[in-house]
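Subject: Structure handover

Hello,

Here is the structure I promised to pass on. Please open it first, then read the notes below.

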Amino acid sequence: MGKVQEGMNALEHIISIKDTLPNKQKQLCDYILNNHQDIGLFTVKEVANKANVGTTTVLRLVKLLGYDSFFDLRKDFHDIQKDYSDKWENVQKSFDSNDENNENNYKTLSTVFQEGIELMDKTLNPQLVENFNVAMDLISNAEKINILGLRPYKAIAIYLELLIEEFHSKTRQLSYDSDSMFDRILQFEKNEVFIIFSFSPDTQRAIDAAKVAHERNIPIILVTDHLSSPIASYSSVILKTESSENHYTIIPIIALVESIVIELGIRQSKTSIE
C-alpha cells in the first residue's frame, strides 16, 4: 500500500495538495472531502459518477496520493471512519416536521434544543479533539491573537475577543473594518496567530486574507463547516463544526469558542487569575 505524507491521514493529504491539481482532480478532491464518510462504501465508478468526473480521474488521484489501488485508499477511509465512529454521519432530523398530530406548543423550542445537542455531539469527534490541542498550542504560545469573522460570523469573532480580553490583552480584531484589514495583516509578526471563522460559502475577502497571512508564514486556525474550504490549504489546523440542514445555528461554534477561552485560561492560569 502507498503512503500519504508522513504525519497526515488521507483527508489531510488531500487538503494539502488539492489546490495544485487540475480542475477535474480538484473537483474530485472537493467531493471526497465533503463526502468522506461514505467513500469506503463506493466503487471507483460510483465515486466518479457522484463527483461528475471520469474513472481515469479517480485512478490518477489514487496514484497521486501514493496508493497502489482504489481499494487501498478506500481501506484508509474506512479506518478513518472507524476512528471517528458514527459521529461523522450526516445530520439527521430529530423530529418529524410533518407530524401534524403533535399539538405540543413547545415543539419548536424542543426541536431546536435537541438538534443543537445532536450537532454538538457530531462536532465532538477524535479529529476535533486532536486539532483542538494543536490549535491551543498555537494560541497559548502566540504573542498576539488575530481574529477575523465576516458576515454573521463577525459576532462570533467579537465574542471570542471579548471573552479572551477578560483575562488577556493580546488580541487584534480584524472584523470591524474590512477596508483596512489587509494593511493590518501585513503588520503581523511571525510569533502571532490568525483565527478565521469562515463557513460555506466562503467570502473572497476571507480567502484573500488567509492567503496574505499564509504568504507571511503566519499560522492560521480555520473554524469552518466544510473541509473543502479554499482556506483549508492555507491553514495550520482546521476546527470543523457540524452545520444544520434544518435551520441556521451557531450553537457548535459558540461551544467551540468557549472551549478555546476556558482552555486558554487553564493554560495561563497564573496571569488569568490576576
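Angles under 35 degrees count as roughly parallel, over 145 as roughly antiparallel, 65 to 115 as roughly perpendicular, and the rest as oblique. Axes are lines fitted to C-alpha atoms, for helices over the stretch in contact, with angles running from 0 to 180 degrees between N-to-C directions. Helices (H or I, at least four residues) and strands (E, at least two) are DSSP runs, numbered from the N terminus.

This is a predicted model: local features need pLDDT of at least 70, side-chain atom pairs count only at pLDDT 80 or more, and totals for chains, interfaces and linings use all residues. Residues are numbered from 1 along each chain as its sequence is written, and side-chain values use heavy atoms, without hydrogens or water.

**Helices H7 and H11**

Take H7 (residues 126-141) and H11 (residues 251-267). Their axes come within 10 Å and cross at roughly 55°. H7 and H11 are therefore oblique to each other. The contact (heavy atoms within 4.5 Å) involves Phe132, Asn133, Met136, Asp137, Ile139 and Ser140 on the H7 side. H11 brings Leu256, Ser259, Ile260, Glu263, Leu264 and Arg267. By class, the residues of this contact are 6 nonpolar, 3 polar and 3 charged. Here Ala, Val, Leu, Ile, Met, Phe, Trp, Tyr, Cys and Pro count as nonpolar, Asp, Glu, Lys and Arg as charged, and the others, Gly among them, as polar.

**Helices H3 and H4**

The axes of H3 (residues 44-51) and H4 (residues 55-64) come within 8 Å and cross at roughly 110°. That makes H3 roughly perpendicular to H4. From H3, Val44, Lys45, Val47 and Ala48 meet Thr55, Val58 and Leu59 of H4. This contact has 5 nonpolar, 1 polar and 1 charged residues. Asn52 sits in the loop between H3 and H4. Its phi is near 60°, a positive value in a residue other than glycine.

**A cis peptide bond**

Look at Ser200 to Pro201. That peptide bond is cis, with omega near -5°. Pro201 lies in the loop between strand E3 (192-197) and helix H10 (204-215).

**The cavity**

A cavity is a set of points, on a 1 Å grid over the protein atoms alone, where a 1.4 Å probe fits but cannot get out; lining residues have an atom within 4 Å of a point. The count is 1 cavity of 30 Å³ or more. Leu150, Arg151, Tyr153, Phe197, Ser198, Phe199, Thr203 and Ala206 line the largest cavity. That lining has 5 nonpolar, 2 polar and 1 charged residues.

Best wishes

Key: On a 1 Å grid over the protein atoms alone, a cavity is a set of points where a 1.4 Å probe fits but cannot get out, and a pocket is an open set with protein on both sides within 12 Å along at least five of seven lines; lining residues have an atom within 4 Å of a point. Grid points are joined across faces, edges and corners, and a volume is the space filled by probe spheres set on the points.
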